[in-house]
Structures are given as structure tokens and as C-alpha cells.
Amino acid sequence: MLRYILKRFAIMAVTLWIIVTLTFVLMVTIPGSPLNEERTTNEAVQQNLKEHYNLDEPYYIQYFLYLKSVVTLDFGPSIKQPTESVNDLLGRGFPISFELGIATIVVAVISGVILGIFAALKHNGMIDYLAMTIAVLGISIPNFVLATLLIQVLAVNLNILPAATWSSPMHMIMPTIALATGPMAIIARLTRSTMLEVLTQDYIKMARAKGLKPWKIIIKHSLKNALMPVVTIMGTLLAGILTGTFVIEQIFGIPGMGKYFVESINQRDYPVIMGTTVFYSAFLILMLFLVDIAYGLLDPRIKLHKKGGES
């Protein structure tokens, strides 16, 4: 296990380095400069700003400075908000984005699993058709479209939920629904199909023959195996949720990391772009690693062993 973990950490480090490199290449190849919109036309002032942010250095020097900032976890000050460091922006925005992401994952997994179980137990019945209709709609409607509809119906027409900002639990409801609907639909369809397969297995028939209660058969014997494909796709779902928060945060005016990331791209704020990209990439890579570990713990058939010197 230790050898496997060390190997994975090495792969994670290489992956993060590739992401950092590609991000830097994209930043420097796009025409323009983050100082183009500065009001001053004084060449001396412009030159001083370039020197302060190392924009006058050759690209390879800038690249190594970015690598140094990644290693030291110090991304320096924002170009557009010089009184704020990138670390301060990350520290202020990430807890909000993390709270939204956790709420989304919890709602998506719980509702998707429950919907999939009921659909499997009532196969080809009204509940099954209704659940799969909800799932198809959830997959088909983009989260930003659903967010707009929720604001129009629940905030504008009915006036039962606040439309924007992030200051109370009530403000969490619409963004969470908008983000969780798509993953919930995928989990529901996957849980339904795997549950239908699991319920036909011999050990389930044996459990029924022994007279075990239906809820015990489902929770103790069926659900664990039915959740294996769900755990497998959690990495992809996490990526979709994390990147989806950028758009949703803009729509609902949530002061999370998505707000800073979108603004930094529009303003060519290199330190903020690099800081948010590295932070989110590292967080996502770590989550994928934890999903792999969880997959091995849930499935006892997956073992790490040496074979020909490899683990």
C-alpha cells in the first residue's frame, strides 16, 4: 500500500506540473497584457509595473518563477487588486466554494441513490418511469439554464427564495439544486442499472430464501455492490461539480473562487489565474486519489500485491 501511495503521489506531482506548464503557455501566448487596461500612459510607470510583476523577464524566467510560487505556495499579489494577495483571495473564496461543493455532492449522492433504488425495486412501474424521466431531464438541462429557471420561478415569480448572494442557508438552496441535478441524474441511472443486476444474483436469492427482511437485503447485501460503479465515476462527477461552480457562482453572485477565477481571466490577472488553477487542480487530483483508495476499500476483491516486482 505504501509503495502504491508513493507511486500515485509521483504521478500526481507530474500531472500538476503538466497543468501548471500548460496554463503558463496559454497565458503568455494569448495576445495582450494584464497592464493594457491601466489608466496611466506614463511609460516609466508601465515599466515599473512590469518589473514589479516580472513581466519584463523572458518567458523561461517567468516560468521558473511560477514554478517557485507553486512549490512555496506563495502566488504573490494580484495585479488588478494589488492590496490583496492571491493566497488571501483563495483563503476567502475557497471555504464558500467548498461548502457549495460539499452540499452539492451530498444532495446528488443521497437523492440519486434513493431514486435509483426505488426505480430498480419498482422496475417497469410508474415509479421507475417517473424516476428515469427526472433523470433524463436532469442530464439534458444544463445547470446554468436550470439556475436561470429557478431564479425566475422561485425568486421572481413566487418570491420564496433569495435570488443571489451567500449569507444564509436559504441562499444555498437554488445553487445546490442547480449543481446537483445533473450528477444526481447520472447516479440515479447508474444505481438503477446496477441494482437490477445485483438483485438477480444468487446470493440475493439465497438471502430471500432465508427469510431476511427486504430492507436488510437492500442495505446490507445489495447496496454496497450497487454503489461500486457510483464510486468509480465520482472522480468525473467531482470535476464537473468543481468546474460547474464557476458558472453557478457568477449567476447567483456567490463570492467564491469561481468569481475570482472568471474575473482574473477577463482581466488577464496572471497570479490569480495561476493560483486558482493550481489550487483547484491539486484539490481535484487529491480527490481522485481518495476515490481510488475508497474504491479499493469498498471492493475486497481489489488487492495490491507484488507481481514481477510491480505492485
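This is a predicted model: local features need pLDDT of at least 70, side-chain atom pairs count only at pLDDT 80 or more; totals for chains, interfaces and linings use all residues.

Trainee: What makes a residue count as buried here?

Mentor: Its relative accessible area has to be under 20%. As for the surface of the chain, the accessible area comes to about 17,400 Å², and carbon and sulfur atoms hold 68% of it.

Trainee: Which secondary structure elements does the chain have?

Mentor: There are 12 helices and zero strands. Among contacts with a separation of 6 or more, 73% join residues 24 or more positions apart.

Trainee: Why are helix 4 and helix 11 called oblique to each other?

Mentor: Set the value against the classes. Helix 4 (residues 86–121) and helix 11 (residues 257–267) pack at an angle of about 125°, with axes 7 Å apart. Roughly perpendicular covers 65 to 115 degrees and roughly antiparallel begins over 145, so the pair is oblique.

Trainee: Which residues meet in that pair?

Mentor: Leu-89, Leu-90, Arg-92, Gly-93, Phe-94 and Ser-97 of helix 4 meet Met-257, Gly-258 and Tyr-260 of helix 11. By class, this contact has five nonpolar, three polar and one charged residues.

Trainee: Why does Pro-255 count as partly exposed?

Mentor: Its relative accessibility is 30%. Buried would need a value under 20% and exposed one over 50%, so Pro-255 counts as partly exposed.

Trainee: Where does Pro-255 lie, and what is it in contact with beyond its neighbours within four places in sequence?

Mentor: Pro-255 lies in the loop between helix 10 (228–252) and helix 11. Leaving those neighbours aside, Pro-255 is in contact with Arg-92, Gly-93, Ile-96, Trp-166 and Tyr-260. The C-alpha atoms of Pro-255 and Ser-97 are separated by 8.3 Å, although these residues are 158 residues apart along the chain.

Trainee: What makes a set of residues a nonpolar core?

Mentor: The members must be buried nonpolar residues of the listed types, joined through side-chain atoms within 4.5 Å. The largest such core has 53 residues, of which Phe-24, Met-27, Phe-75, Met-195, Met-274 and Val-278 touch the most other members. Helix 12 (residues 270–298) gives the largest share, 11 residues.

Trainee: What does Phe-75 touch, not counting residues up to four places away in sequence?

Mentor: Its contacts include Val-86, Leu-90, Pro-271, Met-274 and Val-278. A second, separate core has 18 residues, among them Leu-150, Ile-151, Ala-155 and Met-174.

Methods. Residues are numbered from 1 along each chain as its sequence is written. Side-chain values use heavy atoms; hydrogens and water are left out. Axes are lines fitted to C-alpha atoms, for helices over the stretch in contact, and angles run from 0 to 180 degrees between N-to-C directions. Helices (H or I, at least four residues) and strands (E, at least two) are DSSP runs, numbered from the N terminus. Angles under 35 degrees count as roughly parallel, over 145 as roughly antiparallel, 65 to 115 as roughly perpendicular and the rest as oblique. Contact means heavy atoms within 4.5 Å. Ala, Val, Leu, Ile, Met, Phe, Trp, Tyr, Cys and Pro count as nonpolar, Asp, Glu, Lys and Arg as charged, and the others, Gly among them, as polar. Accessible areas come from the Shrake-Rupley method with a 1.4 Å probe; for residues, only the protein chains shown count as cover. Buried means under 20% relative accessible area, exposed over 50%, partly exposed in between (1.4 Å probe, protein chains only).
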